[in-house]
Amino acid sequence: MTKKSIGKKMTAVLVRNLGRMGYREALKFQKAYERRVLGAADATRSDGDRVARDTLLLVEHEHVYTVGLRTCRYSEEEEAKLRALGADFYRADRGGLITYHGPGQLVAYPVLDLNNFKKSIKWYVGALEQTLIATCEKLGVEAGTTSNTGVWVGDNKIAAIGIHVKQFVTTHGIALNCNVDLGWYSHIVPCGIANKGVTSLSLELGRNVSVDEAIPKFVESFEKTFACSVLSVSSEESDSQRFLIET
């Protein structure tokens, strides 16, 4: 990772924990922050500095299956079978194939202007991978990358990555299995990768690892990997953004 030059101000990234939330509502938050970051990317102050609004959204979803841009269209019958399990089903504008999100899984949506970091999608994906690997290490799990997407423990995926980039502003992101019910994956071929399994922090460590336990480790790893300074969103900022989303 390329470090910021000495004397250059570190990019500030706002961190907002959305808590437990359905996929549709969380997508509205993503889109609102994306519009904000895209607008800030075009704006300059009188001294020429960028007006940064880079944000890291954290959320724990209700049960949902999502498919990405590379997924062949699912039939209504296949979609109905998944919905019958008690999960929602959405077609997203991210990369990657079908995956599951639900309780016990930490989902993070970085909405970043890559001009404030490194203007490279390849670098960005690598930074997400390294953030996840470092998070797992902090919690006592040795994970790594393979020729397949995501982060793995042996032949079992512990974290998925699926992103969308528009004018070098990122949306969507990562999902880290903490204490999620892995049985939900048995109804799909996760990320379209056959003959591979899934795992979680709890399964690997033999104890319960909640999303709340994983969040600070993830934020610390994100801050170090992206060489940024993270700031919690104030209540005033949260209220302002909810207004923008609802209007």
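**Reading strands, burial and contacts in a predicted model**

Mentor: Threonine 131 has its place in helix H3 (residues 121–138); helices (H or I, at least four residues) and strands (E, at least two) are DSSP runs, numbered from the N terminus. This is a predicted model, in which local features need pLDDT of at least 70, side-chain atom pairs count only at pLDDT 80 or more, and totals for chains, interfaces and linings use all residues. Residues are numbered from 1 along each chain as its sequence is written, and side-chain values use heavy atoms, with hydrogens and water left out.

Trainee: Is threonine 131 buried or exposed?

Mentor: Buried means under 20% relative accessible area, exposed over 50%, and partly exposed in between (1.4 Å probe, protein chains only). Threonine 131 has a relative accessibility of 1% and therefore counts as buried.

Trainee: Which residues is threonine 131 in contact with, leaving aside its neighbours within four places in sequence?

Mentor: Contact means heavy atoms within 4.5 Å. On that basis, threonine 131 is in contact with Phe218, Ser221, Phe222, Thr225 and Phe226.

Trainee: Which residues take a positive phi in the hairpins?

Mentor: The hairpin of S7 and S8 has two residues between the strands, and glycine 154 takes a positive phi near 65° there. In the hairpin of S8 and S9, likewise with two residues between the strands, glutamine 167 takes a positive phi near 55°.

Trainee: Why is S8 described as largely enclosed by the rest of the structure?

Mentor: Eight of the eleven residues of strand S8 (residues 156–166) are buried, so S8 is largely enclosed by the rest of the structure.

Trainee: What does the side chain of asparagine 177 make a polar contact with?

Mentor: A polar contact is a pair of N or O atoms within 3.5 Å; within protein, one must be able to donate a hydrogen and the other to accept it, and residues adjacent in sequence count only if both atoms are side-chain atoms. Asparagine 177 lies in strand S9 (residues 169–177), and its side chain makes such a contact with the side chain of tyrosine 185 (3.0 Å). Asparagine 177 is buried, with a relative accessible area of 3%.

Notes:
Two strands pair if DSSP finds at least two bridges between them.
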